[in-house]
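Hi,

Here's the structure I said I'd pass along.

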Amino acid sequence: MSAAGESGRTQQTRARAQDLEQAAERATDPQERQRLKDQARRLKEQSEHAGGTRTPDTDPTVSSHR
């Protein structure tokens with residue numbers, strides 16, 4: 001897959017997570033609210049993993065010594 005396609009997919013996933021968070025805020029049923037929040041959290045984690053949003057400062061696999 002191309003980098004542009006990967007980036008677009010990551011952006012779509014993040015946008016979907018944001019939509020779910022907003023829906024959770026509007027939900028009146030506590031169980032539905034929690035379900036939406038959990039789904040948004042999973043999508044955010046998935047997009048962070050796929051998009052490589054970690055910086056060298058926060059990534060334990062990257063050495064800060066050069």
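Below is what turned up, going from the overall fold to the charged pairs.

First, a caveat: this is a predicted model. The protein has two helices and zero strands. Of its 66 residues, 17% are buried. The accessible surface comes to about 5400 Å², and carbon and sulfur atoms account for 47% of that. If you take the contacts with a separation of 6 or more, 47% of them are between residues 24 or more positions apart.

On to the inside. The largest nonpolar core has seven residues: Ala-17, Leu-20, Ala-24, Ala-27, Leu-36, Ala-40 and Leu-43. Helix H1 (3-26) and H2 are the elements that give two or more residues to this core. Ala-24 is a handy one to click on: leaving aside neighbours within four places in sequence, Ala-24 is in contact with Arg-33, Leu-36 and Lys-37.

Now the charges. There are three salt bridges in the structure. As a general point, side chains of opposite charge can pair when their charged atoms come close.

The pair I'd start with is Lys-44 and Glu-21, whose side chains meet in a salt bridge at 2.6 Å, N to O. How exposed are the two partners? Lys-44 is partly exposed, with a relative accessible area of 32%, and Glu-21 is partly exposed too, at 23%. Lys-44 sits in helix H2, which covers residues 30-51. Not counting residues up to four places away in sequence, Lys-44 touches Ala-17 as well as Glu-21. Lys-44 is also 6.0 Å from Arg-14, C-alpha to C-alpha, although the two are 30 residues apart in sequence.

The other two bridges are these:

- Arg-35 and Glu-32 meet through their side chains at 2.8 Å, N to O. They are three residues apart in helix H2, so about one helical turn separates them. Arg-35 is partly exposed at 43% relative accessibility, and Glu-32 is partly exposed at 29%.
- Glu-45 and Arg-41 form a salt bridge between side chains at 3.4 Å, N to O. Both lie in helix H2, four residues apart, or about one turn of the helix. Glu-45 counts as partly exposed with a relative accessible area of 42%, and Arg-41 does as well at 41%.

Cheers

Terms used:
Residues are numbered from 1 along each chain as its sequence is written. This is a predicted model: local features need pLDDT of at least 70, side-chain atom pairs count only at pLDDT 80 or more; totals for chains, interfaces and linings use all residues. Side-chain values use heavy atoms; hydrogens and water are left out. Contact means heavy atoms within 4.5 Å. A nonpolar core is a set of buried Ala, Val, Leu, Ile, Met, Phe, Trp, Tyr and Cys residues joined through side-chain atoms within 4.5 Å. Buried means under 20% relative accessible area, exposed over 50%, partly exposed in between (1.4 Å probe, protein chains only). Accessible areas come from the Shrake-Rupley method with a 1.4 Å probe; for residues, only the protein chains shown count as cover. A salt bridge is a side-chain nitrogen of Lys or Arg within 4 Å of a carboxyl oxygen of Asp or Glu.
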